[in-house]
Amino acid sequence: MLNWSQEQLAKRSNLGLSTVRNFEAGRTLPVHNNLAAIRTALESAGVEFIGETGVTLRGGSSVN
């Protein structure tokens, strides 16, 4: 949706790159604080979470 690289997501959420890589690869589950930081970074960029499975970009279409 945002076309962010893993590096951009890590930087914007103030996490280590390895944390983002391991989460995206399914090697680890992020601890609550890291997941909250990722969500906050995405929401700050305009991503809106809809229920448990949907997301939309402000001004865009939703994705389930």
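Which element gives the most to the lining of the largest pocket? Select α3 (32-44): with 4 residues, α3 gives the most to that lining. The model is a predicted one, in which local features need pLDDT of at least 70 and side-chain atom pairs count only at pLDDT 80 or more, while totals for chains, interfaces and linings use all residues. Residues are numbered from 1 along each chain as its sequence is written, and side-chain values use heavy atoms, with hydrogens and water left out.

Stay with the pocket (on a 1 Å grid over the protein atoms alone, an open set of points where a 1.4 Å probe fits, with protein on both sides within 12 Å along at least five of seven lines; lining residues have an atom within 4 Å of a point). Its volume, the space filled by probe spheres set on points joined across faces, edges and corners, is about 180 Å³. Display Met-1, Leu-2, Phe-23, Leu-35, Ile-38, Arg-39, Leu-42, Val-47, Phe-49 and Val-55 to see the lining, to which α3 and β1 each supply at least two residues. By class, 9 of the lining residues are nonpolar (Ala, Val, Leu, Ile, Met, Phe, Trp, Tyr, Cys or Pro), 1 is charged (Asp, Glu, Lys or Arg), and none is polar (the others, Gly among them).

Next, select Leu-9, Ala-10, Leu-15, Val-20, Ile-38, Leu-42 and Val-47, the 7 residues of the largest nonpolar core, a set of buried Ala, Val, Leu, Ile, Met, Phe, Trp, Tyr and Cys residues joined through side-chain atoms within 4.5 Å. The elements that give two or more residues to this core are α1 (6-12) and α3; helices (H or I, at least four residues) and strands (E, at least two) are DSSP runs numbered from the N terminus. Centre on Leu-42, which touches (heavy atoms within 4.5 Å) Leu-2, Trp-4, Leu-9, Val-47 and Phe-49, not counting residues up to four places away in sequence.

From Val-47, move to its bridge partner in β2, Leu-57. Strands β1 (residues 47-50) and β2 pair (at least two DSSP bridges) in the antiparallel sense over 4 bridges, and in their hairpin, which has 3 residues between the strands, Gly-51 takes a positive phi near 60°.

Finally, select Asn-3, in the segment before α1, and Asn-14, in the loop between α1 and α2 (17-24). Phi is positive in each, near 60° for Asn-3 and near 55° for Asn-14. Asn-3 counts as exposed (over 50% relative accessible area; buried is under 20%, partly exposed in between; 1.4 Å probe, protein chains only) at 75% relative accessibility, and Asn-14 is exposed at 72%.
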